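Me: I would like to learn how to read a protein model. Can you take me through one, feature by feature?

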Amino acid sequence: MTQKLLLDWFAELDAPEGLRVELLEGEVVVTPVPDGDHEKYIRRIVRQVIKLSRTEMGFSGNKGLRLASGEADLSDHVIPDVTFAPVDADAFGGTDSWMPCDGVAMVVEVTSTRPRADRDAKRRCYARGGIPLYLLIDRDSSSITLFSDPEKDDYREHRTRPFGKPVTLPAPFAFDLETTEFL
């Protein structure tokens, strides 16, 4: 299937209820809706960001992002668990189901049934899209990794901390994210 045909087919796809469908590096990825523990991690991160961030942040859960891909005619269509953007940027207002990543400050993923997609393919997609920060909560390894400084197909910097140790989020957030609640 040519890339243009794949993108056209994906754009018309109506996902069955209870499934999330993404286009990652030319592959259609289908995952079930997250479980309650997955949502527990999200809730704890969102609460801290809203309360402690130096810049007032808006967020969207499960908002589709359209990102530049390595292929000329194809764009990645990724659904982060959480997308943060400064309130002043009004990044979410008036957008379609799949919005560009302009103004996005950080995306968050919590590993689920396809952890490799979160660890690898999504990391590369977010870096190509120029998203400054990618926060990955890896439930299998009980760790949290902050990827930063995107360049081409990856992030040049990353720092992994075990659950229970804080993760320093740089500006515009500028606070230490506590992970003791993740234990």
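Reply: We start with the sheet and end with one lysine. This is a predicted model, where local features need pLDDT of at least 70, side-chain atom pairs count only at pLDDT 80 or more, and totals for chains, interfaces and linings use all residues. Residues are numbered from 1 along each chain as its sequence is written, and side-chain values use heavy atoms, leaving out hydrogens and water.

Me: What order do the strands of the open sheet have?

Reply: Strands of a sheet pair through backbone hydrogen bonds, either parallel or antiparallel. Strands (E, at least two residues) and helices (H or I, at least four) are DSSP runs, numbered from the N terminus. Two strands pair if DSSP finds at least two bridges between them. Here six strands run S3-S6-S8-S9-S10-S11, with mixed pairing. S3 (57-61) and S11 (154-162) are the edge strands, each pairing on one side only.

Me: In which sense do S3 and S6 pair?

Reply: Antiparallel, over five bridges; S6 spans residues 82-86. Phe 59 stands opposite Phe 84 in S6.

Me: Where is Lys 122?

Reply: Lys 122 sits in helix H3, residues 115-128.

Me: Is Lys 122 buried or exposed?

Reply: Buried means under 20% relative accessible area, exposed over 50%, partly exposed in between (1.4 Å probe, protein chains only). Lys 122 has 3%, so this residue is buried.

Me: Which side chain makes a polar contact with that of Lys 122?

Reply: A polar contact is a pair of N or O atoms within 3.5 Å; within protein, one must be able to donate a hydrogen and the other to accept it, and residues adjacent in sequence count only if both atoms are side-chain atoms. The partner is the side chain of Glu 109, at 3.1 Å.
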